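Please look at the sequence and the model together before reading on.

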Amino acid sequence: MSFINYSSREINCKLVYYGPGLGGKTTNLRFIYAKTSPEAKGKMISLATETERTLFFDFLPLSLGEIRGFKTRFHLYTVPGQVFYDASRKLILKGVDGVVFVADSQIERMEANIESLDNLRQNLQEQGYDLDKLPFVMQYNKRDLPSAVSLAELHAALNPTNVIEFEARATTGVGVFETLKAIAKAVLTELRRGSGG
Amino acid sequence: MSAPDVMFPEEQRQISSVCQRLHRDANAKAVLLIGRDGQPIAEAGEVGEIDVTSLSSLTAGNVAATGGISKILREKDFTSQFHEGEKTHVHITLVAGRAILVVLFDERSSLGLVRLRVRKAAEEMARLFEQVAKKAASGTGPSILNEITDADIDKLFND
C-alpha cells in the first residue's frame, strides 16, 4: 500500500516483479541498480540461495524525482519464481501498488509463464486484490533467444486484457527502464485517480 | 488500489517524540518505527551508520514471514520478536497492525526493560495512528493527491 508522509514530503510505493523462475526478474533489478545514479538509489538486497536463486526477495529502493515538492520513492521487489516458494510470494504481494510480470519468451517456458500468471492472479485474490484493477505491466523477456515465440503468441497467451507490454532483453537492459517507467506512471496515476483527483 | 497510508506533520512530531523517549527510557542504542510495508517513519538514537531503508524492508519481510508462520500454526499474530546478537540485540513489536517498532539495544539495557518501555510506547503510538486514520478518513488532513495532475506525472517521466 502506498504511504504518503506529509511531514517528510514523500510518496512511497511498492512495485513487485513477478514471473516464472529464471525469467529475469532479478536481472531487471540488477540492471536498474547498475544504471541508476548513486543519489537516486539505495542498496540492493538479494536474499538468495548459494546458487543465486532468489530465496525470499530482492529489494531495491529508488527515487524517481519530485511531484509538487513531494519525493517519489519506489520500493522494487522481486518474488522467488520457483513453484515451491508460494508462501513467500504471497507475503511479498502484501501492500503491493503495481505489478510487473516478467515472462520468459522461450517456447519451453510457456507453460511456466501461464502457471505463474495464474498463480499471481490467485495470490492477489487471496490478499483482496483484483489483477484487472491493479496497475499491471507485461514484459516479454529474452526476446533474443533462438526459441523465443512470436510476440503475437505471447500476447494471446498472456495478455488477453491488453495491458501495456514491452519486449525486453534484461541482460543488456533492452526494455527494462521502459517497463519501470510504465509501471511507476501507472501506479501514480491510479493513486491520483483513487483519491478522486 | 486501496487508500494510501498517510502520516501528518503533527502526529509525526508526536511519534518522533515517543521514539526519543523510548530510546532514553529503555537505554536503547536506537529506535526505529517502520510502516507495515517497510517504509521508515521515525527514528531516534544512534542510527547514523545504519542503512535504515534496508533494515526497514528486511524487518517488514521478517514480520510478514513470522505472520505467515503464525497462520500455519493457527496462532494469533506473534506480536513481538527478539533477536539476540553478540553485541546488539533487536526487539520487534507490531503497533496496532499498522507499524513495526524496532528497538536496538546492547549491554547497557536488558530485554526486560526494553519490553516494559516498549509496551507503553506502543500504546501511545497506537493512539496516534488511530488519530491519523480518523483525520485521513474525515478529509481534514492535507491531500497532495488532489493537487497532482496528469501533467505533473508526465513531467516526472519525461527525460
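## Terms and numbering

Two strands are said to pair if DSSP finds at least two bridges between them. Helices (H or I, at least four residues) and strands (E, at least two) are themselves DSSP runs, numbered from the N terminus. As a general point, strands of a sheet pair through backbone hydrogen bonds, either parallel or antiparallel.

This is a predicted model, in which local features need pLDDT of at least 70 and side-chain atom pairs count only at pLDDT 80 or more, while totals for chains, interfaces and linings use all residues. Residues are numbered from 1 along each chain as its sequence is written, and chains are lettered from A and ligands numbered from 1 in the order in which they are written.

## Strands of chain A

Strand 1 of chain A and strand 2 of chain A pair in the antiparallel sense over 3 bridges, and within this pair A:N5 stands opposite A:E10 in strand 2. These two strands form a hairpin with 4 residues between them, and A:R9, in the turn, has a positive phi of about 55 degrees.

Strand 2 of chain A also pairs with strand 5 of chain A, in the parallel sense and over 8 bridges; here A:I11 stands opposite A:T72 in strand 5. A further 4 bridges join strand 2 of chain A to strand 6 (residues 98–104) of chain A, and these two run parallel, with A:Y18 opposite A:F101 in strand 6. Strand 2 of chain A is mostly covered, since 8 of its 9 residues are buried. A residue counts as buried if 20 or more other C-beta atoms lie within 10 Å of its own, as exposed if 12 or fewer do, and as partly exposed in between, with C-beta atoms placed from the backbone.

## A loop residue of chain A

A:R53 has its place in the loop between strand 3 (45–48) and strand 4 of chain A. Is A:R53 buried or partly exposed? A:R53 is partly exposed, because 14 other C-beta atoms lie within 10 Å.

Two residues are in contact if their C-beta atoms, placed from the backbone, lie within 7 Å. Leaving aside its neighbours within four places in sequence, A:R53 is in contact with A:A48 and A:Q82. The C-alpha atoms of A:R53 and A:Q82, which are 29 residues apart along the chain, are separated by 8.7 Å.

## Where the chains meet

In this model, 39 residues of chain A are in contact with 35 residues of chain B. On the side of chain A that touches chain B, at least two residues each come from strand 1 (3–5), strand 2 (10–18), strand 4 (54–67), strand 5 (70–78), helix 2 (86–93) and helix 5 (176–194) of chain A. Helix 5 of chain A gives the most to this side, with 8 residues.

The residues on this side of chain A divide into 17 nonpolar, 13 polar and 9 charged; Ala, Val, Leu, Ile, Met, Phe, Trp, Tyr, Cys and Pro count as nonpolar, Asp, Glu, Lys and Arg as charged, and the others, Gly among them, as polar. Strand pairing also crosses between the chains, where 3 bridges join strand 1 of chain A to strand 1 (residues 5–7) of chain B, the two running parallel. In this pairing A:I4 stands opposite B:V6.

## The sheet of chain B

In chain B, 5 strands form an open sheet in the order 3-2-6-5-4, and the pairing is antiparallel. Strand 3 (40–45) and strand 4 (80–83) of chain B stand at the edges, each with a single partner strand, so one side of each is left without a neighbour in the sheet.

Strand 2 (residues 30–35) and strand 6 (residues 99–105) of chain B pair in the antiparallel sense over 6 bridges, and B:G35 has B:A99 as its bridge partner in strand 6.

## Core and a buried methionine

The largest nonpolar core has 94 residues, and those with the most contacts inside it are A:V16, B:I100, B:L101, B:V103 and B:M125. Such a core is a set of buried Ala, Val, Leu, Ile, Met, Phe, Trp, Tyr and Cys residues joined through C-beta atoms within 7 Å. Helix 5 of chain A gives the most to this core, with 9 residues.

B:M125 is found in helix 3 of chain B, and B:M125 is buried because 26 other C-beta atoms lie within 10 Å. Leaving aside its neighbours within four places in sequence, B:M125 is in contact with B:I15, B:V18, B:V95, B:A99 and B:L101.
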